[in-house]
Amino acid sequence: NNTSYELRIQTVCAGGSVSAYSPIKTIMTRCEPPSSPYAYAGSNGVLQLSWYSNTISLVEVQWRVAGTLDWQSKKGISGREYTITGLTEGIFYEWRVRSTCSSTEYSEFVTGQSMLIPCTAATVVRQENMTDTSIDLVWNDTAPGTYEVQWRLVNTTNWATVSGITT
C-alpha cells in the first residue's frame, strides 16, 4: 500500500525484434476504498447496506447510533452487501465501509448516508374476552416504546383514543 514503482514497457515483435522501452512511468499501489455506499432501512430493525468495489478485497463495515462514539464492527465481509439486524426502530444510524487489503493495510472509510430505522406498525392479531362494553386486543409487539389505540363506530368520523399503552 502506498508503495512507489517505476515501470516501462518494451514490445517483442513476432520476428524476434524488440522496440525501445517506453518512457519510465512512476505508479503507486493503493488500497482502494469502496465507492457508492447505499443503504435501505427495512422494517423490524433491519439495515441493508451495499457498495461498489472494483477489487476482490474483503471489507469492514461499522455502524453506530447517530451522534454516539462507539462503533459496532463486522470484518471479513466478502461481496458488495451486508445486512445488519436487531437495530432499534425509530433511531438514526450512521455507517461506513472500508477495504481490507492485508492484515495491516486498510483503505480510508467511506461513509454512507445516515438512515432512520422505520417504526413498524403493529397489527391486531386477535380479539379476546368480548363483552357488550369491552374487548381485549392482542397485537404484535413491534418495538420498544408505547402504543396508541384508536377506535370508532363504522361509518362515523370521530376517533376515540387511548395513548401511552405499554406491553
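Predicted model: local features only at pLDDT ≥ 70, side-chain atom pairs only at ≥ 80, totals over all residues.
Residues are numbered from 1 along each chain as its sequence is written, and side-chain values use heavy atoms, with hydrogens and water left out.

Next, the fold. The protein has 14 strands and 0 helices; these are DSSP runs numbered from the N terminus, with helices being H or I of at least four residues and strands E of at least two. The radius of gyration of the protein is 28 Å, well over the 15 Å that the globule rule gives for 167 residues, so the protein is more spread out than a compact globule. That radius is taken over C-alpha atoms, and the rule is 2.2 Å times the number of residues to the power 0.38. Along its principal axes the C-alpha trace spans about 100 × 35 × 25 Å.

Of the 167 residues, 24% are buried. Buried means under 20% relative accessible area, exposed over 50%, and partly exposed in between, with a 1.4 Å probe and protein chains only.

Last, two loop residues. Most residues other than glycine have a negative phi. N44, in the loop between strand 3 (35-41) and strand 4 (47-52), has phi near 60 degrees and is exposed at 52%. N155 sits between strand 13 (147-151) and strand 14 (160-165); its phi is near 70 degrees, and N155 is exposed at 79%.
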